[in-house]
Amino acid sequence: MTIITHVLATTLGVRALRLHGRQAVLAYVFGVGVDIDHLLKAPFYLRAVGLQRKKDYYWRSSLQEPIALLWIVPLSLYLRSWVPPLFFVVHVAMDYLVRYEKMPWYPYSTRVTRGILTALPDRVKEVALITLLVVGNLWIL
């Protein structure tokens with residue numbers, strides 16, 4: 001999913017759960033901020049592909065895979081907050097709706113999956129989810 005979808009979903013969650021202060025910041029860090037790995041992978045993309053657009057380039061790292069719960073859950077226990085794993089799981093669930101390759105247990109396994117609902121075009125799923133999230137955010141206002 002795109003950053004827009006992640007921001008809308010996180011905003012809806014923050015509003016619905018009435019999170020404020022530190023809890024809201026944690027929601028955005030784990031609901032949107034985990035995409036920071038795209039910035040870390042950008043130099044590798046530029047080296048491999050250049051400035052052209054390459055569909056299906058593997059942008060993900062273990063920071064965006066379910067395996068990251070191995071450090072997120074202990075961190076959330078330390079922080080005494082249920083917000084990081086909740087918003088991280090929502091982020092990952094949305095990413096698993098699209099068809100590009102994912103490696104859920106990387107770096108411990110190189111098993112690859114394409115996610116769920118692969119028969120539906122990604123654009124259809126994205127537009128449907130954005131529509132639902134916009135309506136949800138407007139409804140909660």
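The buried residues of helix α2 are covered by elements that include α1 (3-16), α4 (69-79) and α5 (83-95), where contact means heavy atoms within 4.5 Å and helices are DSSP runs (H or I, at least four residues) numbered from the N terminus. This is a predicted model, in which local features need pLDDT of at least 70 and side-chain atom pairs count only at pLDDT 80 or more, while totals for chains, interfaces and linings use all residues. Residues are numbered from 1 along each chain as its sequence is written, and side-chain values use heavy atoms, with hydrogens and water left out.

- In α2 (residues 21-31), A24, L26, A27, F30 and G31 are buried, that is, under 20% relative accessible area with a 1.4 Å probe and protein chains only (exposed is over 50%, partly exposed in between).
- Seen down the axis of α2, these buried residues fall within an arc of 160 degrees, so they line one face of the helix; the arc is that of the directions from the helix axis to the C-beta atoms.
- T10, in helix α1, is buried at a relative accessible area of 3%, and touches A27, Y28, G31, V32 and F87, not counting residues up to four places away in sequence.

**Salt bridges**

- The count comes to 2 salt bridges, each a side-chain nitrogen of Lys or Arg within 4 Å of a carboxyl oxygen of Asp or Glu.
- D122 and R99 meet at 3.6 Å, N to O; D122 lies in helix α6 (residues 122-140) and R99 in the loop between α5 and α6, so the pair ties together parts that are 23 residues apart in sequence.
- K125, which is buried at 6% relative accessible area, forms a salt bridge with D122 at 3.3 Å between the closest N and O atoms, and shared partners join R99, D122 and K125 into one network.

Conventions:
Helix = DSSP H or I, 4+ residues; strand = E, 2+ residues; numbered from the N terminus.
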